[in-house]
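This briefing covers one protein chain. Look through the model first, then read the notes by topic.

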Amino acid sequence: MKGYTGKILWVDLSEEKTWVEEIPERIYTAYLSGTGLASYILYREIPAGADPLGPENVLAFVSGLLTGTGAVVMGRWMVATKSPLTGGWGDSNCGGTFSPAIKQCGYDGIFVKGQASRPLYLLADHREARLMPAKDLWGLDAIETEESLMKRHWEKKKPSVVSIGQAGERVSLISGIVNDGGRIAARSGVGAVMGSKKLKAVVLKGILPMGGQDPAAIHALSREFSDKIRRYSLPGLIKGSHVALGGRLLGLSPFNPSLDGLMFMPLMKKWGTSGTNGMAANMGDSPVKNWSGSIKDYSRPYVAAVNPDHIAKLEVRKYHCYSCVIGCGGICRIDGKTGGRYTYSHKPEYETVSSFSSLVMGKDLDAVYEINEMLNRAGMDTISAGHVSAWAIESFEKGLITTEDTDGLVLEWGNLDTIKALLEKMIRREGIGDLLADGVKLGSERIGRGSQALAMHCGGQEPAMHDSRLDPILGVIYSVDTTPGRHTTGSSLYYGLTKLWERVSWAPRAGWHSKNSQYKASREEALKTLASVAYKQVVDGAGGCLFAMISGVQHYKVFDWLEAATGWGFSPDDYMHIGRRISTTKQLFNIKQGINPLASKMPDRMAGLPPLTQGPLKGRTVPVEEMIANYFEVAGWDRGGCPKAKTLEALGIDSLKGGECHGQG
Ligand code: SF4
C-alpha cells in the first residue's frame, strides 16, 4: 500500500444508491488525498451555478494520505463542498477517529450527492454501504445522535460517527458536522449542506488494514517526532498567567522573534489551544469588541478571567485524536458550573474562548463552557456565532436594532446570559434567531439600517479569532483564500514557526525581523504567503494537524513521511508544486462558480482603516490590496485572481477551465 486505497465511495441520496469509483495513481501523484483529492472530484462533478443547498452539490468526507500509515499526528478528516456561506469552495477539518474509519472501509473518501426525500443515515463497513432511515434521529442533538447510533451498531468494533445537530437540520448556514462526542468540522456551512440533503449521520465500522510502502522508515520518523514531543514539557511552576505575561512582552516588542515551534507543544499538552488565550489577548492577536477595541478595553481582569489554569482544574481526562502524540484535547466535568445543564464538555478551543470573551467583552469562563457545549451539540460554528453576537451587541448599542427586533433581549457587551438566549433562538430559528442563523452577512442584510457596516465577514464567512492587524499575511488569507475568512491556511506567525525555507528552495527565510517590515507589501511577503498556502494543501492532503505543523518542518517531517509512504521519489519542492496545483484547482472551482476572487476582501476595520489608537496594534494598517496583488503575481494568477494560462500549463491542469474571470483581468 502507498497510503491511499485507490477508491472512493459514491452515494446518491435522491436515488438511494451507492457505488465505488476507482481512482488511478496519477490523481494521487497530482493531488495527494484529503482536500486535494476532493478538489479534483468536486471541480469535475459540481456544475457551474449549482445551488449549494440543492441536489447537484456534492459533500465529500475525505481522509488523509498518511492516515493509518504509522505516521503520527496524521488523523484529521476533512469535509469539502460548495459552501452555502460563500458560494465558493468550502472545506472544514476536524480530528477524532473518523479519518481512519473512512480508510478501514476501503475508501479515501465518501462523496455524497442528491437530496433525500426523508431523513437517512449512511451505514458502511468494508463489505457494503447502505442508506438507513433516520426519522427517529431527526431532532436529536449531535451527541445524542452519536450515542444512539453507537448503541445500535457497536458490535465487535466501536463505530465512528459524524452527524448534524439541530442547527444543521434547520439548514443554518453557520452549522457544522460533529464527531467523537462534540468535536466539530465547523466552518464553511458544511452542516447546512448535510442538512439540506437530509443526511443525519454517517456511521463507519470497517476493519481493513491500512499502511504505507516503507513501514520501517515511517515508524522511524514517527519515533523521532514522538520522542521530541515527550521530552518537551512545561515545568509545574509555569502557570497560565505566566503565558499571558509572555504575550504582553511579545506585544511590546518591536521585533518578531524567530521561535522554534516545538516550544508551543508543551503548552498544547498542558492546556490545549485555550492555553494561548491570555497570551493572544495581551499581544493583540485576539480581536476585541467586534474588532473595534484593543487590550486597553479588554483589560487585565478580563484576561485573568480566561486563565487556562481554570480549564485545567475541570479537566477529568486528556483527549488525543487518532495517531496523535500531542493530545491537546480534554474532557471536562462541568456540572455545577453551568446551572447543571450538562455534565461533561470537550475543553473549549482557543477560538471558542476568544469568540465569547474578548470579541464580546465576556469574562465568564464557566458560561463559555456552557455555550461551547450547547453549540457543539446543536452543531453550530462558535466563531461565526460569536461574530453574530458581537455584531448584534454593537448594533443594539448604536440603536440600529432595539428590543422590538430582539424579542425583548437587551444586548450588552459582556452579558453572556443574553448572548446564550440569543444563540438558543438561532439554534431554534426562532424570532430574531431565524434572521441571524445564517451568519452575520445575511443577518445584517436582512436587518439593514446600516448595520451591514458592523458585520465582520470575508465573502460571507466570519473571520477567526486572530487579528489581521497583528498578522498581515493573515489579512491576505482572510481576503482571498479560496475559503475566505479562513485562519488556518497561512499567517506570518505560522510561516515563521513552520520554517519552510529549511526544506523548500524558493521559500524566503524569516529570522528575527522588525514588525514594521511585515507591513510592507513586498515580493518576499508574497512568497511567504504562497509557500504557506501551498504547504497547507500538502498537510491537508496528508491528513496532518495544524498544531503539529507549526512545530516546523525540521520536526514534523511531512515531506519525508510522504516519501516513505509512497516511494514516489518526490522532493519537497515537488510536493509544494502539488500544493500549488491544489490551491489553483480550488481557485478555478470558485471562478467556475462565478465567484469574484476580489469580492471577499476583509472589511476596512480588520485592515486597520482607521487604525486603532491604543494597544499593541496602535497605528497598524495592513496594505492589503498591494499585498493581494503581489500574492496573485507570485502565484501566477492575474490581477483579478484568475490563474494565467501558462500557470495552468506549468501545473499540468491546463485542461481545467475556469468560468468568466472577474476583477481586473
Ligand atoms: S494536536 Fe490536538 S487537534 Fe491536533 S491531532 Fe492532536 S489532539 Fe487532535
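Which residues does P572 touch, not counting residues up to four places away in sequence? P572 touches R503, V504 and F559; two residues are in contact if their C-beta atoms, placed from the backbone, lie within 7 Å.

This is a predicted model: local features need pLDDT of at least 70, side-chain atom pairs count only at pLDDT 80 or more, and totals for chains, interfaces and linings use all residues. Residues are numbered from 1 along each chain as its sequence is written.

**Overall make-up**

- The protein chain holds 27 helices and 17 strands. Helices (H or I, at least four residues) and strands (E, at least two) are DSSP runs, numbered from the N terminus.
- The C-alpha trace spans about 55 × 55 × 55 Å along its principal axes.
- Of the 665 residues, 62% count as buried. Buried means that 20 or more other C-beta atoms lie within 10 Å of the residue's own; 12 or fewer is exposed, anything in between is partly exposed, and C-beta atoms are placed from the backbone.
- Among contacts between residues at least 6 apart in sequence, 72% join residues at least 24 apart.

**Helix α24 and P572**

- Helix α24 covers residues 572-592. At 1.5 Å a residue, its 21 residues should span 30 Å, and the end C-alpha atoms are 30 Å apart, which agrees. The expected span is 1.5 Å times one less than the number of residues.
- In α24, 18 of the 21 residues are buried, so the helix is largely enclosed by the rest of the structure.
- P572 is in α24. P572 is buried, with 22 other C-beta atoms within 10 Å.
- The C-alpha atoms of P572 and V504 are separated by 5.9 Å, yet the two residues are 68 apart along the chain.
- G594 follows α24 and has a positive phi, near 85°.

**Helix packing**

- Axes are lines fitted to C-alpha atoms, for helices over the stretch in contact; angles run from 0 to 180 degrees between N-to-C directions. Angles under 35 degrees count as roughly parallel, over 145 as roughly antiparallel, 65 to 115 as roughly perpendicular and the rest as oblique.
- Helix α2 (residues 34-45) packs on α24 at an angle of about 30°, with the axes 9 Å apart. The two helices are therefore roughly parallel.
- The crossing of α2 and α24 is left-handed: the near helix is turned anticlockwise from the far one by less than a right angle, where clockwise would be right-handed.
- G36, S39, Y40, L42 and Y43 in α2 meet I582, T585, K586, L588 and F589 in α24. This contact has six nonpolar, three polar and one charged residues. Ala, Val, Leu, Ile, Met, Phe, Trp, Tyr, Cys and Pro count as nonpolar, Asp, Glu, Lys and Arg as charged, and the others, Gly among them, as polar.
- Helices α7 (residues 215-231) and α23 (residues 558-566) have axes that come within 8 Å and cross at roughly 160°. That makes α7 roughly antiparallel to α23.
- The crossing of α7 and α23 is left-handed. A217, I218 and L221 in α7 meet D560, W561, A564 and A565 in α23. The contact has six nonpolar, no polar and one charged residues.
- Helices α15 (residues 382-397) and α18 (residues 440-447) have axes that come within 9 Å and cross at roughly 30°. They are therefore roughly parallel to each other.
- H387, V388 and W391 in α15 meet V440, G443 and S444 in α18. Those residues divide into three nonpolar, three polar and no charged.

**Backbone points in loops**

- Most residues other than glycine have a negative phi, and most peptide bonds are trans.
- D180 has a positive phi of about 50° and is not a glycine. D180 sits in the loop between β10 (177-179) and β11 (183-185).
- N290 is also not a glycine, and its phi is positive, near 55°. N290 lies in the loop between α10 (277-283) and α11 (300-305).
- N290 counts as buried, with 25 C-beta neighbours inside 10 Å.
- L609 and P610 are joined by a cis peptide bond, with omega about -5°. P610 is in the loop between α25 (604-607) and α26 (624-635).
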